[in-house]
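This briefing concerns the pocket, a helix and the salt bridges of one structure. Please consult the sequence and the model shown below.

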Amino acid sequence: MNIRVGGIIVESNRVLTMKYQYGNTDVYTIPGGNLEFGEALEEALIREYEEELCILTEVKEEAFTCETLRDSEKTLHQLYWLKIREGKPEINRAETSALAICWLELDKLDTYNLYPSVGTYIKESSNLKGKYLGDVQQKWF
């Protein structure tokens, strides 16, 4: 099983995502990544944001946990609420293949191809603090 951390930043009712394209399909990810050996979850998340988006962040609190399954590979996603401490998000091409940074409207988040597919859960987050959501139905492209 893989373990991935992700950070949710909301500003002006928009959620920070990274845009990728698979074939002709736009896919948006909650920024984050995999842990390095011996790394704590929150440390990995702060590192990923600094490396890929060139910003310093601060973990506010745990959001929720979910899993995705692709073929026989399972990934556990631990998501946190973050805030930007310093900087303006910009893509670091040396660290990610993302095409762009996109601020998606919170109210429409569940209409995008999002990885992990947690748009509905982010919108309902006040009731989900620290909850395990199980497997989320993830589209793969």
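The lining of the largest pocket takes at least two residues from each of β3 (14-22), β4 (25-29), β5 (32-34), α1 (41-53), β6 (56-70), β7 (73-86), β9 (114-115) and α2 (119-123). Helices (H or I, at least four residues) and strands (E, at least two) are DSSP runs, numbered from the N terminus. The model is predicted, so local features need pLDDT of at least 70 and side-chain atom pairs pLDDT 80 or more, whereas totals for chains, interfaces and linings use all residues. Residues are numbered from 1 along each chain as its sequence is written, and side-chain values use heavy atoms, without hydrogens and water.

**Helix α1**
- Helix α1 has 13 residues and spans 18 Å from its first C-alpha to its last, close to the expected 18 Å, which is 1.5 Å times one less than its number of residues.
- Buried residues (under 20% relative accessible area, 1.4 Å probe, protein chains only) of α1 are Ala44, Leu45, Arg47, Glu48, Tyr49, Glu52 and Leu53.
- Cys54, with a positive phi near 60 degrees, follows α1.

**Salt bridges**
- The whole structure contains 10 salt bridges, each a side-chain nitrogen of Lys or Arg within 4 Å of a carboxyl oxygen of Asp or Glu.
- Glu48 and Arg47 form one, with the closest N and O atoms 3.2 Å apart, and both residues are buried.
- A network of salt bridges links Glu36, Glu39, Arg47, Glu48 and Glu51.
- Glu58 pairs with Lys83 in a salt bridge (4.0 Å, N to O). Glu58 lies in strand β6 and Lys83 in strand β7, so this pair ties together parts 25 residues apart in sequence.

Technical notes: Buried means under 20% relative accessible area, exposed over 50%, partly exposed in between (1.4 Å probe, protein chains only).
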